[in-house]
Amino acid sequence: MSQPPRLRLSTICLAAPDAHELATFYRQFLGWPIERQESDWVKLSPPEGGPGLSFHTETSCARPVWPASPGDEQMMIHLDIEVDDLDSAAAHAIASGATLAEHQAQDDVRVHLDPAGHPFCLWVRT
(Lines give C-alpha, C1' and ligand atoms only; values in the text may rest on other atoms or scores of the structure.)
Protein backbone atom coordinates (compact mmCIF):
# COMPACT_ATOMS: atom_id res chain seq x y z
CA MET A 1 0.00 0.00 0.00
CA SER A 2 1.31 3.45 -0.85
CA GLN A 3 1.71 6.29 1.64
CA PRO A 4 -1.55 8.06 2.45
CA PRO A 5 -1.80 11.64 1.27
CA ARG A 6 -0.98 14.44 3.69
CA LEU A 7 -4.23 15.50 5.37
CA ARG A 8 -4.73 18.54 7.59
CA LEU A 9 -7.97 19.85 9.05
CA SER A 10 -8.06 23.48 7.97
CA THR A 11 -11.47 24.66 9.14
CA ILE A 12 -14.81 23.73 10.64
CA CYS A 13 -17.69 25.18 8.65
CA LEU A 14 -21.08 26.16 10.07
CA ALA A 15 -24.12 26.83 7.92
CA ALA A 16 -26.20 29.90 8.69
CA PRO A 17 -28.90 32.00 7.05
CA ASP A 18 -26.27 34.79 6.82
CA ALA A 19 -22.58 33.78 6.90
CA HIS A 20 -21.36 37.34 7.47
CA GLU A 21 -23.70 37.91 10.43
CA LEU A 22 -22.59 34.71 12.15
CA ALA A 23 -18.93 35.43 11.38
CA THR A 24 -19.33 38.85 13.00
CA PHE A 25 -20.57 37.19 16.20
CA TYR A 26 -17.68 34.72 16.35
CA ARG A 27 -15.15 37.39 15.38
CA GLN A 28 -16.27 39.49 18.35
CA PHE A 29 -16.59 36.52 20.71
CA LEU A 30 -13.32 34.75 19.85
CA GLY A 31 -11.31 37.80 18.79
CA TRP A 32 -10.14 36.02 15.64
CA PRO A 33 -9.46 37.99 12.46
CA ILE A 34 -11.08 37.32 9.10
CA GLU A 35 -8.70 35.33 6.92
CA ARG A 36 -10.84 35.21 3.77
CA GLN A 37 -14.34 36.13 2.73
CA GLU A 38 -16.62 35.88 -0.25
CA SER A 39 -20.23 36.91 -0.77
CA ASP A 40 -21.58 33.76 0.92
CA TRP A 41 -18.60 32.47 2.91
CA VAL A 42 -16.25 33.76 5.65
CA LYS A 43 -13.26 32.14 7.34
CA LEU A 44 -11.85 33.22 10.71
CA SER A 45 -8.41 32.01 11.79
CA PRO A 46 -6.98 31.75 15.29
CA PRO A 47 -3.91 34.00 15.70
CA GLU A 48 -1.98 31.14 17.34
CA GLY A 49 -2.57 28.85 14.33
CA GLY A 50 -4.64 25.71 13.95
CA PRO A 51 -7.95 25.02 12.25
CA GLY A 52 -10.14 28.01 11.58
CA LEU A 53 -13.87 28.49 11.77
CA SER A 54 -15.82 29.13 8.59
CA PHE A 55 -19.39 30.10 7.87
CA HIS A 56 -21.41 29.65 4.71
CA THR A 57 -24.77 31.09 3.82
CA GLU A 58 -27.46 28.49 3.41
CA THR A 59 -30.80 30.23 3.01
CA SER A 60 -32.75 27.06 3.87
CA CYS A 61 -30.76 26.53 7.08
CA ALA A 62 -33.10 25.52 9.92
CA ARG A 63 -32.24 26.52 13.49
CA PRO A 64 -31.23 23.38 15.46
CA VAL A 65 -33.01 22.45 18.67
CA TRP A 66 -30.88 21.72 21.75
CA PRO A 67 -31.36 19.33 23.33
CA ALA A 68 -33.28 17.74 20.49
CA SER A 69 -36.18 15.36 20.81
CA PRO A 70 -37.30 12.94 18.09
CA GLY A 71 -38.59 14.95 15.14
CA ASP A 72 -36.68 18.13 16.06
CA GLU A 73 -34.05 19.71 13.83
CA GLN A 74 -30.85 17.98 14.96
CA MET A 75 -27.59 19.82 15.54
CA MET A 76 -24.85 18.51 13.28
CA ILE A 77 -21.93 19.73 15.35
CA HIS A 78 -21.19 21.77 18.44
CA LEU A 79 -18.08 23.62 19.53
CA ASP A 80 -16.28 23.03 22.83
CA ILE A 81 -14.38 26.15 23.91
CA GLU A 82 -11.97 25.94 26.83
CA VAL A 83 -11.95 29.05 29.01
CA ASP A 84 -10.04 30.26 32.08
CA ASP A 85 -13.08 31.57 33.96
CA LEU A 86 -16.52 30.14 33.26
CA ASP A 87 -18.57 33.05 34.62
CA SER A 88 -16.66 35.79 32.80
CA ALA A 89 -16.56 33.78 29.55
CA ALA A 90 -20.31 33.20 29.79
CA ALA A 91 -20.92 36.91 30.34
CA HIS A 92 -18.67 37.71 27.35
CA ALA A 93 -20.59 35.23 25.18
CA ILE A 94 -23.89 36.88 26.07
CA ALA A 95 -22.47 40.38 25.52
CA SER A 96 -21.28 39.21 22.08
CA GLY A 97 -24.79 38.09 21.13
CA ALA A 98 -25.13 34.48 22.35
CA THR A 99 -27.96 33.24 24.51
CA LEU A 100 -27.66 30.87 27.45
CA ALA A 101 -29.35 27.56 26.62
CA GLU A 102 -32.27 26.68 28.88
CA HIS A 103 -31.01 23.15 29.39
CA GLN A 104 -27.67 22.87 31.19
CA ALA A 105 -26.57 19.23 31.54
CA GLN A 106 -23.45 19.81 33.65
CA ASP A 107 -22.54 22.19 36.46
CA ASP A 108 -19.02 22.79 35.13
CA VAL A 109 -20.05 23.54 31.52
CA ARG A 110 -22.14 26.40 30.14
CA VAL A 111 -24.06 25.71 26.95
CA HIS A 112 -24.85 28.76 24.82
CA LEU A 113 -26.50 29.22 21.44
CA ASP A 114 -24.96 31.43 18.79
CA PRO A 115 -27.23 33.81 16.82
CA ALA A 116 -27.99 31.04 14.26
CA GLY A 117 -28.84 28.57 17.04
CA HIS A 118 -25.69 26.42 16.97
CA PRO A 119 -24.88 25.23 20.50
CA PHE A 120 -21.40 25.73 21.91
CA CYS A 121 -20.01 24.71 25.28
CA LEU A 122 -17.74 26.76 27.50
CA TRP A 123 -15.70 24.68 29.94
CA VAL A 124 -12.76 24.99 32.34
CA ARG A 125 -10.00 22.40 32.56
CA THR A 126 -9.73 21.09 36.13
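In the predicted model, strand β3 (residues 41-44) and strand β4 (residues 52-57) are paired in the antiparallel sense over four bridges, where two strands are taken to pair if DSSP finds at least two bridges between them, and where helices (H or I, at least four residues) and strands (E, at least two) are DSSP runs numbered from the N terminus. Within this pair, W41 stands opposite H56 of β4. The loop between β3 and β4 holds S45, which counts as buried because its relative accessibility is 14%, buried meaning under 20% relative accessible area, exposed over 50% and partly exposed in between (1.4 Å probe, protein chains only). Apart from its neighbours within four places in sequence, S45 is in contact with W32, P33, E35 and G52, contact meaning heavy atoms within 4.5 Å.

Strands β3 and β4 belong to an open sheet of four strands with the order β1-β4-β3-β2 and mixed pairing. The edges are formed by β1 (11-16) and β2 (34-38), each of which has a single partner strand, so that one side of each is left without a neighbour in the sheet. On average, and with direction ignored, neighbouring strands of this sheet are turned by 15° against each other; axes are lines fitted to C-alpha atoms, for helices over the stretch in contact, and angles run from 0 to 180 degrees between N-to-C directions.

A further open sheet of four strands has the order β5-β8-β7-β6, again with mixed pairing, and its edge strands, β5 (79-82) and β6 (99-100), each pair on one side only. Strand β7 (residues 109-113) pairs with strand β8 (residues 119-123) in the antiparallel sense over five bridges, and R110 stands opposite L122 in β8. Helix α1 (residues 19-30) lies across β5 and β8 and runs at about 5° to β8, whereas helix α2 (residues 86-96) packs on the sheet, touching β6, β7 and β8, with its direction at about 5° to that of β7.

The axes of α1 and α2 come within 9 Å and cross at roughly 150°. The contact is made by F25, Q28 and F29 of α1 together with A89, H92, A93, A95 and S96 of α2.

Residues are numbered from 1 along each chain as its sequence is written. Because the model is predicted, local features need pLDDT of at least 70 and side-chain atom pairs count only at pLDDT 80 or more, while totals for chains, interfaces and linings use all residues, and side-chain values use heavy atoms, with hydrogens and water left out.
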